[in-house]
Amino acid sequence: MKVPYTMLLDFVDTALTAEQAGDLLTMAGFELEGIDNVQGEAVLDIKVMSNRGDGLSVLGLAREILAKDAGSKPRELYTRAASRFPSSATSGQIPVSIETTDCSRYACRLFTNLTGASSPTWLQERVTKAGMRPISLLVDLTNYVMLEVGQPLHAFDFDKLHGGRIIVRKAADGEKIVTLDGEERKLSPFMMMICDADHPVAVAGVMGGQETEVSGSTKKMLLESAHFLNTSVRKTRNALGLSTEASYRFERSVDPEGVVAAINRFTELFIQCKGGDADATITDVYPTPARRAAIRLRLDRASLLLGMHISQDEALRYLTNLGFGCEKVDDKTLSATPPTWRPDVVREEDLIEELGRVHGYDLIPSELPHGATTQGGTSGYERWEDKVRDRVVRLGFTQTISHTLRDASPLDDPGTEKIGPRGVSDPEMMWLRSSTLSSLADAARRNGGKSLQLFELGQVFGSHGGTPFERTSLGFLVQGATSPEWWQSKSPATASFFALKGVIQSLADETLTHIDFQIPEHGDARLHPTRQADIYAPCGRIGVIGQIDPDVAEKAGIPPDTLLAEIDLNTAYASAQTEVHVRQIGRNPAVRRDLAFLIDKSTPFEKIQAAVMDSAGELLEDHWLFDVYEGKGVPEGKHSLAIALQLRKFGANLTDDEANRVRESVVQALASLGATPR
Amino acid sequence: MPDVAELEKTATQEIAGAGSSAQLKDLEIKYLGKNGLLTGLMKQIGALPAEERKTFGQTVNDSKGRLQSLLDTRLDALKLNEREVQYEQERIDVTMPGMPVRMGREHVLQQATNKIKDVFSGLGFQYMESPDVEEFRYNFEALNYPPDHPAMDDQDTFYVTDDLLLRTQGTAIQGRVYEKVQSGEMTLPIRVFTVARCYRNEAVDRTHGHTFHQVDAFMIDEGISMAHLKGTLGLFAKAMFGGEAKVRFRPDFFPFVEPGVDYAISSPKLFDGKWVELGGAGLIHPNILEHYGIDVERWSGFAFGLGVERIPMLAYGVDDLRNFMENDLRFLEQFHG
């Protein structure tokens with residue numbers, strides 16, 4: 001809210017500069033967002049909290065300054081405002097009927113013999129400084145009084161009100177109104193309207209109708225001052241997409257007891273500006289006047305929760321200055337009745353906040369909690385996830401963190417029914433990702449041309465039979481050279497299925513009890529059909545690995561030699577390795593035996609490996625494939641494999657004979673698979 | 001008697017004339033080896049008269065000792081020379097580029113998260129998580145939001161269904177934790193924190209995003225006060241940013257705390273000495289505790305929030321929020337925190 005500083009000085013006699021007043025308001029919870037200099041005057045821009053509608057007025061801010069600053073004194077205008085601008089008007093008889101509980105009070109006053117006078121210069125200037133456009137005396141005054149006391153007012157051309165009456169009701173289905181901004185608005189039955197005898201003339205608390213707008217030729221004006229339920233105004237404003245100074249205040253709650261006071265203040269300024277005559281009566285329909293219950297305030301509890309001592313006298317003074325009805329119950333207890341403009345205060349802790357606010361949060365000391373020691377840190381799944389991430393980083397991968405809210409991608413999980421937020425039209429944030437691979441593909445494209453080793457660990461989403469779910473996915477993307485081009489490496493290795501497979505295997509060695517790679521039963525459509533594998537742990541299928549399908553690569557705009565893998569960590573956790581089993585290490589030397597053989601290329605290595613392990617027996621400590629050759633000297637359809645066997649015996653040195661016997665039995669086992677030694 | 005002196009003289013000349021350590025080795029074998037010439041003289045000792053044997057043996061041994069010492073000295077000199085040649089031959093240009101090793105790296109937000117986790121864990125706070133797609137009741141209802149609060153509007157919050165939404169704040173975990181307290185799965189006192197991805201329907205620019213990350217930390221114990229909140233925040237700020245930090249409270253409104261404040265920190269050596277606002281905080285609203293059957297006369301608690309992105313923004317001067325989720329390696333590779 002923009003407040004010309006002189007308007008505050010109308011209410012408060014203070015030595016504070018505009019800056020000091022702004023800082024003081026900030027520390028009271030009304031944040032100074034800036035001070036503008038408009039036509040030589042300081043204008044404070046104050047941000048008001050959503051539960052403090054009373055702060056959207058000069059009166060409300062003046063009250064806060066007076067409560068916090070003992071050096072500031074109320075001026076006559078403040079005192080009269082605090083006593084609701086007493087007037088001698090009598091009870092009026094304009095027919096007003098309230099047909100909805102969303103309106104708790106409706107008051108109005110008739111003004112006649114309108115002179116058509118324009119606003120005096122001081123009024124125009126102040127309205128301008130407050131960020132509004134001066135229009136006419138009637139409109140400027142409604143705005144000005146709203147600024148002063150926080151009560152929105154509306155002026156109707158009385159002669160245009162059919163039947164000379166007011167009905168506050170919900171809109172009927174199919175009703176319409178043309179609002180002051182010239183827009184025709186279709187109304188819904190939940191919207192509260194101000195109506196004359198025939199039809200709606202204003203959207204209650206939001207905006208008036210064009211038909212009954214006051215103009216230079218208006219002879220009689222009916223001034224409305226009413227109290228509308230905040231939630232009702234919000235809903236209507238929301239549906240119409242129409243936010244106004246009035247709706248802004250009603251949404252944040254307006255003082256129901258200030259309704260007539262605003263009319264009174266308007267009247268005195270209207271007469272002062274020679275705008276015409278005021279009817280001697282005010283019509284005020286207020287079926288159930290606001291009542292506030294007293295709240296018990298224990299000073300001990302206040303001091304305990306605030307962590308600083310506040311005396312009973314201080315508490316009494318602070319609350320009284322803020323308009324609370326306050327009395328001592330005993331030495332340590334007060335009874336406080338909140339004013340009607342403070343619907344936010346309903347229990348003891350709310351009062352305690354008031355005390356802290358006024359006394360000053362600066363005075364709260366800094367202490368550390370004492371009491372029972374609690375065990376901090378991560379445990380269970382979260383701890384394991386931290387370990388997994390750490391190991392992936394150690395394997396040389398760079399972590400990406402991407403938006404989960406995104407557009408559709410060729411790398412979305414084809415097996416997942418996707419979900420997304422309702423009513424979002426921006427295609428860039430229409431979906432919740434179903435796979436981390438879509439994010440990694442984006443990252444690869446952004447960093448195009450580089451050789452990459454990326455991973456992303458985060459949530460992915462979907463729906464099972466209409467029930468949304470989320471899980472944690474670990475995705476990998478590798479492309480280009482596995483090590484950067486360099487003058488000493490003559491032919492740098494490039495990314496391959498097996499390079500990534502090795503990474504996954506190393507990761508699993510550290511974090512899972514066991515994994516293996518299986519030829520997929522159905523296949524993942526995102527991956528090359530003959531270059532992909534399912535990843536299995538003892539708990540079941542946990543992920544997939546493969547080269548990207550060339551068509552998908554083209555659609556995603558990344559190279560076809562990109563390798564991908566994705567692991568469902570929530571599933572994999574069931575096979576997590578959380579314990580270390582130490583086995584004895586042999587102290588006798590190991591013996592190596594190599595064997596090279598020709599075998600059909602169609603024989604899966606998995607089978608060869610199983611034959612090696614079965615036949616070598618317990619002396620086999622390790623084995624590895626160290627060469628694969630095909631071409632010259634090798635018959636069509638076959639390739640030559642070379643496997644190293646590492647043998648070791650516990651407690652004794654292995655003899656040449658023993659080692660050769662192991663090698664021989666492996667050779668024989670492989671022969672049964674059709675292998676011939678080279 | 002064989003002429004030891006003559007042999008020694010010849011050997012001495014040959015040693016002096018040797019051009020390499022290999023030649024010296026040969027000479028050592030030739031004269032001093034098992035079958036060497038000098039050693040061979042010793043074998044003739046039996047042919048000498050008994051009274052000469054002792055003197056002769058002494059002479060040969062003395063000669064061997066002198067030759068050995070000569071050989072050693074000469075060998076040292078030659079080796080030095082040869083190494084120098086070798087070193088020169090093996091010279092490399094050490095200014096050539098080293099092998100580029102690809103090092104794995106955590107994302108800058110992960111680095112900030114790790115630090116946050118370290119600090120809170122050290123303060124005895126237990127790390128827990130809750131889902132991104134959260135139930136309406138945990139995100140709002142359980143946190144004392146009045147019905148129709150503006151934050152619940154469609155244009156501020158992403159809804160997946162009527163009851164499910166994308167979490168708007170890390171605080172959404174609190175109701176889930178209090179349920180565990182209610183069921184006895186956890187017992188008071190508690191200290192809990194989370195790091196949560198949050199979503200709000202906002203236009204994206206340098207300082208706003210529809211997705212951001214938030215820390216929510218809270219504790220419940222007997223007699224917890226605003227002073228404890230201030231002290232804990234001060235300690236947290238010191239651990240995060242280094243240096244003594246002062247904490248400033250300013251009244252603010254969040255439905256889930258009463259009193260509610262926003263807090264700022266300042267430290268003489270940081271942020272140009274200015275106050276830096278970090279987030280919202282306060283005492284956990286008694287309505288919430290009562291709703292979960294926690295006796296508010298005995299227990300009270302504080303809670304505070306913090307934007308994860310704020311940490312690298314403050315620490316490194318990153319001024320555009322969009323950098324964080326774009327994953328440009330040129331940006332990410334700068335951080336090694």
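Two strands are said to pair if DSSP finds at least two bridges between them, and the strands themselves (E, at least two residues), like the helices (H or I, at least four residues), are DSSP runs numbered from the N terminus. The structure is a predicted model, in which local features need pLDDT of at least 70 and side-chain atom pairs count only at pLDDT 80 or more, while totals for chains, interfaces and linings use all residues. Residues are numbered from 1 along each chain as its sequence is written, and chains are lettered from A, with ligands numbered from 1, in the order in which they are written.

With those terms in hand, consider strand β31 (residues 591-600) of chain A, which pairs with strand β33 (residues 638-647) of chain A in the antiparallel sense over 10 bridges. Within this pairing, A:L598 stands opposite A:S640 in β33(A). Both strands belong to an open sheet of 4 strands with antiparallel pairing, whose order in chain A is β32-β33-β31-β34. The edges of the sheet are formed by β32 (620-629) and β34 (676-677) of chain A, each of which pairs on one side only. Helix α19 (residues 656-671) of chain A packs on this sheet and touches β31, β32, β33 and β34 of chain A, where a contact between two residues requires their C-beta atoms, placed from the backbone, to lie within 7 Å. The direction of the helix makes about 15° with that of β31(A); the axes behind this angle are lines fitted to C-alpha atoms, for helices over the stretch in contact, and angles run from 0 to 180 degrees between N-to-C directions.

Chain A as a whole holds 19 helices and 34 strands. An assignment of domains, with bounds that are automatic or come from a database, divides the chain into domain 1 (2-82), domain 2 (90-285), domain 3 (295-359), domain 4 (380-575) and domain 5 (591-677). The centres of domain 4 and domain 5 of chain A, taken over C-alpha atoms, are separated by 34 Å. Along the principal axes, the C-alpha atoms of chain A fill a box of roughly 125 × 60 × 50 Å. The radius of gyration of chain A is 40 Å, whereas a compact globule of 678 residues would have one near 26 Å; the radius is taken over C-alpha atoms, and the globule rule is 2.2 Å times the number of residues to the power 0.38. Among contacts in chain A between residues at least 6 apart in sequence, 68% join residues at least 24 apart.

Of the 678 residues of chain A, 43% count as buried, a term that applies if 20 or more other C-beta atoms lie within 10 Å of a residue's own, with 12 or fewer making it exposed, anything in between partly exposed, and the C-beta atoms placed from the backbone. Most residues other than glycine have a negative phi, and most peptide bonds are trans. A:N113, in the loop between β8 (103-112) and α5 (121-129) of chain A, has a positive phi near 50°, and A:N113 is exposed, with 10 other C-beta atoms within 10 Å. A:S253 has a positive phi of about 75° and lies in the loop between α8 (245-251) and α9 (259-272) of chain A, but A:S253 counts as buried because it has 25 C-beta neighbours inside 10 Å.

Chain B is divided into domain 1 (4-89) and domain 2 (110-332), and the C-alpha centres of these two domains lie 86 Å apart. Strand β7 (residues 257-266) of chain B is mostly covered, with 9 of its 10 residues buried. On one hand, strand β6 (residues 246-251) of chain B pairs with β7(B) in the antiparallel sense over 6 bridges, and the two form a hairpin with 5 residues between them; here the bridge partner of B:R248 is B:A264. On the other hand, β7(B) pairs with strand β8 (residues 276-284) of chain B, again antiparallel, over 7 bridges, and B:V261 stands opposite B:A281 in β8(B).

Strand β7 of chain B also contains B:P259, which is joined to B:E258 by a cis peptide bond with omega of about -5°. Another cis peptide bond, with omega near 0°, runs from B:L188 to B:P189, and B:P189 is placed in the loop between α7 (173-183) and β4 (190-199) of chain B.

Finally, the two chains meet in a contact that takes 72 residues from chain A and 72 residues from chain B. On the side of chain A that touches chain B, the largest share, 6 residues, comes from helix α12 (residues 348-359) of chain A.
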